[in-house]
Every structure is written in structure tokens, then in C-alpha cells.
Amino acid sequence: MNQFGRFKPDGNELPRHFPRSIAIVTDAWHPQTNGVVRTLATTADILRDWGCEVAVISPEDHFSVPCPTYPEIRLALAVPGAVGRALGRIAPEAVHIATEGPLGLAARRYCKRRGVPFTTAYHTQFPDYLARRTGLPVKVFWPYIRWFHSPAQRIMVATETIRGGLREQGLANLHHWSRGVDLSCFSPDAPSAPEYADLPGPILLYVGRVAVEKNLEAFLACAYPGSKVVVGDGPARADLEARFPKAHFLGKRSGRELAGCYAGADVFVFPSLTDTFGLVMIEALACGTPVAAYPVAGPIDIIGERVGALSEDLPRAIDAARYCDRSECAAYAANYSWEVASRQFLAGLVALEEEEYVSLQIAHA
């Protein structure tokens, strides 16, 4: 078994005893482009830079099929026992199950059978997401969420609002795991998107998946002057482009090109009602762009009155956000560090005891 130890990257002390070998099991991974994938990929990269061994078990490792109604998402059809054998080969000191999909379910089943402790994360308002996709009541899906997460030693959550909601559902052992932003990429000096040059202002921007659960129609239909710009792709794009021909759909952008889309906009509009955090909001703020959103989980925890506006009336929120100081937005976003978030993640992991570690090794033998 690997040794636990103390480690101080850049003078910042990590938890005194932490796993140096970590397995992350996730159904959300590249080539998907969303906040969950960016969070997991960035965290894994930082932990590797800090000397940890991080193995990711994802749909890349298994045969997969397109998710019905959302082909961009691949559902892994793992051979029975494949996830357990992978964990046995890796023999990690900590197991983190990031999603509630097929791979997460297989890892949960394996760990439960072997008596191996694991952590989970609540990245998405899964019941609300499924309700919008199926038309069924939200309450239909909560029993699965409670069942899935209740055996976890810790459930990692990004905001206090989500923590409170999970407590109301009877889930305990909740651990704070925030998010970060790459300030070397997302900054106010990013060159504005060239497509903005001939657009009448104000420029109102949305960035993210173009899908029904993002409530994008509320943004595109709102009566506010200016130009509405959508960056991203997804299954609802063709329908929304046809229904809102005055909106400008730019497709996927990344890196400094994406930062320029943020920096050149007057307001970033976040209409989602189902996100647990909303990573794109702090990317926008880092570029100096204030945020307009509904007063729901995610925006309530992130957006203060000096960097954006929240209202049930989205045009009113947009109008108020336009008066925010852009320099204050950028300064506020600087408080969100991926390094701090990664230390929180490490602190939440549960290291395997000797007998549990041996159980993983025997499974692979």
C-alpha cells in the first residue's frame, strides 16, 4: 500500500493525510463539453501536478451508445464486472464516484459488495433534469438519488443551497467542494469575438449546452433590446435556431476564443433552473462580464448584487446587471481558485484501510 504523507504545493498545505492514488469513476467525460467534465478534468490534472496518481474510469474505456434525445452524451455499456476489475488493477487508495449513471452504478455496486468506502458528488440537479426530459414529477426521481448517495462516506456538493436541499432529502455526510476558474485564460483583456463587431448592443450572451434542461428559451424569448448570442451546441440547437432567427448561434468555443466571447458581451445571461453551480458564471465574471439569472440554486450562492442581478423577471435582471462595475466582477471571480477547490476535493476523499485495499488487490488477482 502506498504511503500517505504531507505535501505542500506552492506553500499551500494540503490535508495532513490524503490518498496519493485516486480512482475517479464518471459517466461524464470527453468529448462532452460541460461543467462536470471541466471540473473533473481540471481537478485530475492539478492533483497529478501535485504528485497524486489519478486514474479516470470513463465511457472512453467501454463500448457506449448515444443517450436517447441527447446523442452528445455517451452511455457506457460496461461488461459485467469490468468496472470492478478496473478498480482492482488500479488498486487506488480512494474511490470517488462522480456520477449516477451506468459506470457510477457499477462502481457503487462493486464497492458495496467488497466493503470498500467511496465518496460521491452531486453535480447536477438530476431529478429536475429528468423531470424536464420525461415530463414526470420531480418526486419520482428522488428515491433513486437517496438510494445512490446514502452509502457514500461523503457526498461532495458545491454550494450551501444544494447542501440544504440534500439535507431535506435525508442525505448526510455532506462535504463542500467548490469550483474554480482559469484566470490565465479568462480575463477582461481577452480579444472580443469578431462576430460582435456588427451586432447592435447591448450584447447578451449565453454559454453552455443547448438543451431543454438549460431553459434557454426563457432567454431567447425575453423582451429585451440588443443582440442575443448563444455559444455552445446541443440537441435543441436546430429547433431554437428555427424559432428564434434573430439570435446568433456561434457553436462551440474554447480557450481564449471563448474568453473573448465573454469579455465582449455586456451581460452574461444564465437562465438555467437546474444547475448546482454554474461554472460558466464565474468564467464570465473573470472576464469582467456581469451575470443576470433567476434566484435559484447556483446563482443564489454565487452572484452578489455588485457583480450581477437575480430576478424572477429575467429582463429586469438583465437591466440591473448592466449597471455593475466590470472591474469588480473580475476581482470577485479571482476568489475562485482551482487549487483551493482541489484541496477541498482531497480533504473530502476517504482513504481505504489496509483490509479494504487488500480486497481490491484480491479482486484483480
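Figure 1. A disulfide is a covalent bond between the sulfur atoms of two cysteines. The sulfur of Cys 324 has its closest cysteine sulfur in Cys 329, at 5.5 Å, which is too far for a bond. Seen from Cys 329, the closest cysteine sulfur is that of Cys 324, again too far for a bond at 5.5 Å, because a disulfide requires the sulfur atoms to lie within 2.5 Å. Cys 324 is buried, with a relative accessible area of 13%. Cys 329 is also buried, and its relative accessible area is 0%.

**Figure 2. Packing of helix H3 against helix H5.** Helix H3 spans residues 102-114 and helix H5 spans residues 142-149. Their axes are 11 Å apart and form an angle of about 45°; the two helices are therefore oblique to each other. On the H3 side, Gly 104, Leu 105 and Arg 108 take part, meeting Tyr 144, Trp 147 and Phe 148 of H5. Four residues of this contact are nonpolar, one is polar and one is charged.

**Figure 3. Residues 1-12, where pLDDT stays under 50.** The protein chain has an average pLDDT of 89, and 90% of its residues score at least 70. For residues 1-12, the model has 33 contacts beyond four places in sequence. Where pLDDT is low, the predicted coordinates should not be read in detail.

Conventions. Residues numbered from 1 in each chain as written. Predicted model: local features only at pLDDT ≥ 70, side-chain atom pairs only at ≥ 80, totals over all residues. Heavy atoms only, no water. pLDDT = per-residue confidence, 0-100. Contact = heavy atoms within 4.5 Å. Axes fitted to C-alpha atoms, helices over the stretch in contact; angles between N-to-C directions. Helix = DSSP H or I, 4+ residues; strand = E, 2+ residues; numbered from the N terminus. Parallel < 35°, antiparallel > 145°, perpendicular 65-115°, else oblique. Nonpolar A, V, L, I, M, F, W, Y, C, P; charged D, E, K, R; others polar. Buried < 20%, exposed > 50% of the residue type's maximum accessible area, 1.4 Å probe, protein only.
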